[in-house]
Amino acid sequence: MNRYFRELSVAGALGLLLALLAVVAPAFYQPQPLLSLATREAPTLVVACGMALVIICRQIDISVGSQFSVCSVGAGLLAAHGWPAGLVLLASVSIGALLGAFNGVLIAGLRLPSIVVTLATLVSLRQGLNLVRQGEFVNLPDGLQWFGLSQTDGQWTLVAFALGLLLVFAVALRYLSAGRFVYAVGTDTEAARLAGINPQRVTFAVFVLMGALTGLAAMMNIIQSPQVQPLSGNGLELKVIAAVVVGGVAISGGRGSVWGMFAGLLLLACVSPTLTHLHIEAYWEKAIQGAIILLAVVADGLRSRKENR
Amino acid sequence: MKYLPFRLLLALSLAFAALAPAVHAADQKLVVAMLPKAKGNAYFISCKAGAEKAAKELGVTLLFDGPTDSNAAKQNEIIENWITLGVDVIVAACENKEGISTALRKAQKQGIKVVTYDADALPDSRTFFVNQATPEGIGYSLMDEAARLTNSEGEFAIITASLTASNQREWMKYIQARLTEKYPKMKLVLTRPCDDLKDKAQSEATAMMSANPNLKLIMAICSPGVPGAAEAVKQAGKTGKVKVIGLGLPNENKRYVHEGVTDSVILWNTMDLGYLSTYAGVAVAKNELKPGAKSFKAGTLGTFEIQGDNILLGKPFIFNQGNIDQFDF
């Protein structure tokens, strides 16, 4: 019980919010809008899985928003050139993995701090994309939306896929040695090295995976509408880092789970529709999200102080 | 004697040099140099189409050059080149107000007339600014169009870029003013920001519709918001029941306009903007249009109002099923 206290408290807060909505704004629970909102969050969940790994490994990747945009535009242009959907998906994941590998080489290879490296890639990728596209949308071919499925089938597929991936990550992080390596490196790099783990290799792999997942998420996002906006990933990094932190993954590495991240993501994602349903001014949205993050960080701080005593 | 051929040559070339400006003035056409923010941008290509039409009617030469990307320094370089070349008038859309003004003042000192369009420079570095849209014009047009589509009654909602952006607040102010003044049966139920993201606009519009079952119209006042709202309405199966209008670009909305999801997209007519700017530039160069004028007649487009040193393009243009395919930007 104590071990999962943090995850459970976030889930509890989410439960309270959902119960409040059930009483005050039952219209929130209509199936179609709810499925649409879940589908919109599915790509975010995929990116957040990668971010949970990165943060557990005691690193951070703030370039995911730009990676997401680059993958979206790249995949969109290839699709517009007539590439079949399967190949476009592969290309999107590959572009993401390459961008992740670039970060990985600098961080794991040259041992540069990840916050500086990914800040640099965040800015340069975003500006590069602005230069090339000047904000112009990419129009996608007709058959690409929902991969040619009906809208409802497409939406369920995306949601189920994201949840499946979450399950895979939960299991892999807990039971596979590769997953345990990430915790080991995040907890104490030197101890991990002495235990025979190659921390640089683990860190590199984590960044490549982060990129690949971002590419996958970009594909999951572009098939939801007939156009790609080159800015589409703006602000994504904050959204996923917030979800991970609120979900109880320690920013100091080595601790936390993807389940906590999942609860954090849902909690933050529900803030905006809740305000809309309760007719509360939009000014509050960012303030409330900020307060949730602050609360989570303070809770973490108090816990680690108690442990250190 | 030995030097005669050389001297002759010198004399001849001097004579030609003296003659050259005279030939230029008498024979050569007036040269209008038009500077876009970015020359590959479809928006400015469409301005250029209008400018070319005007240049043909006026019998002037049109130069069209600009940076390949939105680059303020490159704009200055191009102006320097035009000063060296000795064009008659520069018609400029300015990337950086302060940055470009020095170069434009230099051009004015060399006797080149300057008119700005789309985005202004500092007032002392140009004679007129061709103003494509006033906040009042935009706000009133959006509200009038919303009223027209809903028979002036019922609930509607607004998607903005952000609640704090100054242009958005300005437009909101005029939308509100028009609403209270003319449409008492319409009700603005909520305003949500989309951070200039199409995908966020879609999520917001989805929540708006489920929270307000009687919603009749969504008005997006930032360009990514219009296709975002349209996709939400389409996915909710509410095409036609919830109307979508907004401030945006034709190419981003064509699909939804043809599908009947989006009814109207409001902006200005970019071809008219290029046409009017060219006419104004030529008139200033010929001294036919001087500061203090109250109106200006531009070819087939008719007469335009001048407020101070702003030539007003007038009411915004409404793109709909009937005309949207004529525009490519």
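Among contacts in chain A between residues at least 6 apart in sequence, what percentage join residues at least 24 apart? In this predicted model, the share is 79%.

Chain A holds 12 helices and 2 strands. Its elements run α-α-α-α-α-β-α-α-α-α-β-α-α-α from the N terminus. The C-alpha atoms of chain A occupy a box of roughly 60 × 50 × 35 Å along the principal axes. The radius of gyration of chain A is 19 Å, in agreement with the value near 19 Å for a compact globule of 309 residues. Of these 309 residues, 48% count as buried.

Chains A and B touch. The contact draws on 29 residues from chain A and 30 residues from chain B. On the side of chain B, strand S7 (186-193) and helices H7 (198-211), H8 (225-235) and H9 (250-259) each give two or more residues. H7(B) gives the most, with 10 residues. By class, this side of chain B has 13 nonpolar, 8 polar and 9 charged residues.

Nonpolar side chains tend to be buried together in soluble globular proteins. The largest nonpolar core here has 106 residues. Ile90(B), Ile218(B), Ala229(B) and Ala280(B) have the most contacts inside this core. Helix H10 (residues 270-285) of chain B supplies the largest share, 10 residues. Domain 1 (10-133 + 270-314) and domain 2 (135-267) of chain B each contribute at least three residues to this core. Another core lies apart from it, with 85 residues, including Cys49(A), Val54(A), Val206(A) and Leu267(A).

Leaving aside residues up to four places away in sequence, Ala229(B) touches Ile159(B), Ala201(B), Ala205(B), Ile218(B), Ala220(B), Val244(B) and Gly246(B).

Technical notes: Residues are numbered from 1 along each chain as its sequence is written. Chains are lettered from A and ligands numbered from 1 in the order in which they are written. This is a predicted model: local features need pLDDT of at least 70, side-chain atom pairs count only at pLDDT 80 or more; totals for chains, interfaces and linings use all residues. Two residues are in contact if their C-beta atoms, placed from the backbone, lie within 7 Å. Helices (H or I, at least four residues) and strands (E, at least two) are DSSP runs, numbered from the N terminus. Ala, Val, Leu, Ile, Met, Phe, Trp, Tyr, Cys and Pro count as nonpolar, Asp, Glu, Lys and Arg as charged, and the others, Gly among them, as polar. A nonpolar core is a set of buried Ala, Val, Leu, Ile, Met, Phe, Trp, Tyr and Cys residues joined through C-beta atoms within 7 Å. A residue is buried if 20 or more other C-beta atoms lie within 10 Å of its own, exposed if 12 or fewer, and partly exposed in between; C-beta atoms are placed from the backbone. Domain bounds come from an automatic or database domain assignment. The radius of gyration is taken over C-alpha atoms; the globule rule is 2.2 Å times the number of residues to the power 0.38.
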